Amino acid sequence: MTQPTAPPRILVLGSSHTVALKEGHARLPEEMRAALDVTFFALGGSLISHYTVDAAGHFRLRDDVAPALASQCREQARAINDGTEEVDLAPFDVICLAGTFNGLDPMIRLLPQVGVDGMHDPDTAAARGTLLSPETLEGIAARMIDRAIPAWDFTALAGKRLFVMSPPLPFEKVLRPEVGGRLGAQITEEIRANPAYVPCIQAYLADLTEALQARAGMTLLPQPPETLSAHGILSADSYADGAKRIGGGDQPDRDFLHGNARWGELFWTRFAPLCAAA
């Protein structure tokens, strides 16, 4: 008699964006949840950036972190992750990073603040005061991609399937002055005045996807297209309503970066078949 195949063991490592995935996982049909053995490990804000993967295959706090900051990381890790401060990666078949890198956000924020020769009209470029050549923009994009790839010992992860969840693009409410302020006004103007804005973002995404795969063996999981607004580079607000904070409670209405349980559920319906193939 054939024994049933054990579900793949999946570890989701991340920042506050992990909350949507955890809530979304809880909303999945029972049969789908049973087919996924999932563990979550999260830290709020930028604290997760102070962790690394060492040669022994442990996800842990870096040795060079200042004592006060290290104490803060450990305290929050224990509070959020049932007393756990680090994770042995050996038992896991699939590892997914959630919100541990900036994805498209740096490029979305950069372009409305500068003028790019051949992309922006001369008046716009002059008004912004900073004119970049296409070559300079490519160099900046390359450095953004360098910073997006974790400085880990990837030899310790040999044989595992590695994924990176693209965090939600800023939600459309960023365009409301009381939410997005100056950034929202800049994005609004860029969408209106620069037809190359969206294609440029899409080209950057393609380069980022290729670099993650080539340099780190990581597959970038793009944002589900259903969650995008008509602009194509912003997320629909319906996928942010009721989003939760990592320490509990609702995200404030002015938050335009975090998805809700509905967003997380949709992510899992896309991600689960990839895990099953691991």
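1. Arg-176 is partly exposed at 31% relative accessibility, where buried means under 20% relative accessible area, exposed over 50% and partly exposed in between (1.4 Å probe, protein chains only). The model is predicted: local features need pLDDT of at least 70, side-chain atom pairs count only at pLDDT 80 or more, and totals for chains, interfaces and linings use all residues. Residues are numbered from 1 along each chain as its sequence is written, and side-chain values use heavy atoms, with hydrogens and water left out.

2. Arg-176 forms a salt bridge with Glu-178, with the closest N and O atoms 3.1 Å apart; the term denotes a side-chain nitrogen of Lys or Arg within 4 Å of a carboxyl oxygen of Asp or Glu. Glu-178 is exposed, at 58% relative accessible area. The count by this rule is 14 salt bridges.

3. Glu-190 and Arg-128 form a salt bridge, their closest N and O atoms being 2.7 Å apart. This pair links distant parts of the chain, with Glu-190 in helix 7 (residues 177-193) and Arg-128 in helix 5, 62 residues apart. Helices (H or I, at least four residues) and strands (E, at least two) are DSSP runs, numbered from the N terminus. Both Glu-190 and Arg-128 are buried.

4. Glu-189 and Arg-192 also meet in a salt bridge (2.6 Å, N to O). Because these residues are 3 apart in helix 7, about one helical turn separates Glu-189 from Arg-192. Glu-189 is partly exposed at 32%, whereas Arg-192 is exposed at 60%.
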